[in-house]
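Please look over the sequence and the model before reading on.

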There are 2 protein chains.
Amino acid sequence: MHGVKAMVHEQDILIFLEENLSKKRYRHSVNVCRTAESLALHYGCDPEKAVLAGLLHDCARELTKPELVQFAVKAGLGAAEAAAEPKELLHGPAAVYLCRSLFNLNDGDILAAIRYHTTGRENMSLLEKIIFLADFIEPERDFPGVAKLRRLAFRDLRRALIAACDTTIRYILLKGMPIHTDTVLARNYLIREGAGNTQS
Amino acid sequence: MHGVKAMVHEQDILIFLEENLSKKRYRHSVNVCRTAESLALHYGCDPEKAVLAGLLHDCARELTKPELVQFAVKAGLGAAEAAAEPKELLHGPAAVYLCRSLFNLNDGDILAAIRYHTTGRENMSLLEKIIFLADFIEPERDFPGVAKLRRLAFRDLRRALIAACDTTIRYILLKGMPIHTDTVLARNYLIREGAGNTQS
């Protein structure tokens, strides 16, 4: 075996996920992994990296808030910032710490894709884009427009990502919750990328 | 006469607006001024400041792009930033320069309300909130939900401002344009203000 996969044992990851996630989230993780692999093959991204990032993106999703804060701080977040964030925004950074410490996974591209999969961010790498989108369109996702988005994902990655950001923002507006500026910056960057101008 | 109005001649402003704005935008400016005055009286804000900020908020709206860039830079924007911004985002800062140089208007609260009326921003003053909202609900504004928003404006300022931000963001999503992060930060702050937590 070559590449990053040689150093990380997929079987170890699956055992960890089975022990630490609900059945539904375990299935979601495998689904994201397979969807990310397909997108990686379609767009010329490293499929082994997509498999690992897809499998591991939610590995910290069911930890307690104190655990999430502790691990997110170990992954580089400030202590005050981590304590103030909701659980949903901590599981990306916390997963980075778990990947490093449990699976000896140190590939920067994979870790960034895991870290930012919830909000997206400005100027994402191809792997970050693929994990963000795979999380959105995996086969068990069900929301108005998901079928259209699945087709768009393999036709126009940039437009599919903008549509995914739009869906997220509309959902948050409806819920009356704060919108993460990283999602807005991700979307703004993708729009300007299409217009050939990425100056923010 | 007392206060800031004593130093600024409303008649001079009206003449300037008549000469530099279309009839429609002149009427809009007077409408925003009257709506802002009502909101100021309702919420215990200085009505003279609301009148001046309302009248002047769009005074730079019909300048050319080179004029807008020049005046926005004189109001403190970086040259590169100003050149990259669309006209819509320059007329607030450019108006600040016009207010200072043409009308000797130097009241920081009024100038901030004019500067940030397009996007809003985090932690707005009461006057800033009033001008942002008056611009949205003045009598000639016509969009789905405006009547409801007009009533809400006099019942619950915070919720009306969140609804105005939501309307702006939904409109921008529909148009496929970039969302200004200041509008998102304004909305997030207002939501957290309601939850008694303004930490961002």
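## The interface of chain A and chain B

In this predicted model, 19 residues of chain A are in contact with 19 residues of chain B. Contact means heavy atoms within 4.5 Å. The table gives the values for this interface.

| Item | Value for chain A and chain B |
|---|---|
| Buried area | about 1600 Å², 64% of it on carbon and sulfur atoms |
| Salt bridges | 0 |
| Polar contacts | 4 residue pairs, both at pLDDT 80 or more |

Which elements of chain A give two or more residues to the side that touches chain B? They are helix 10 (157–175) and helix 11 (181–194) of chain A. Helix 11 of chain A gives the largest share, 7 residues. That side of chain A divides into 11 nonpolar, 4 polar and 4 charged residues.

Buried area is the accessible area (1.4 Å probe) that two parts lose on being put together, summed over both. A salt bridge puts a side-chain nitrogen of Lys or Arg within 4 Å of a carboxyl oxygen of Asp or Glu. A polar contact is a pair of N or O atoms within 3.5 Å, one able to donate a hydrogen and the other to accept it. Helices are DSSP runs (H or I) of at least four residues, numbered from the N terminus.

## A loop residue of chain B

B:Gly76 sits in the loop between helix 4 (65–74) and helix 5 (79–84) of chain B. B:Gly76 counts as exposed because its relative accessibility is 59%, and exposed means over 50% (1.4 Å probe, protein chains only). The C-alpha atoms of B:Gly76 and B:Gly196 are separated by 33 Å.

Residues are numbered from 1 along each chain, and chains are lettered from A in the order in which they are written. Local features need pLDDT of at least 70, and side-chain atom pairs pLDDT 80 or more, while interface totals use all residues; side-chain values use heavy atoms, without hydrogens and water.

Key:
Buried means under 20% relative accessible area, exposed over 50%, partly exposed in between (1.4 Å probe, protein chains only). A polar contact is a pair of N or O atoms within 3.5 Å; within protein, one must be able to donate a hydrogen and the other to accept it, and residues adjacent in sequence count only if both atoms are side-chain atoms. Ala, Val, Leu, Ile, Met, Phe, Trp, Tyr, Cys and Pro count as nonpolar, Asp, Glu, Lys and Arg as charged, and the others, Gly among them, as polar.
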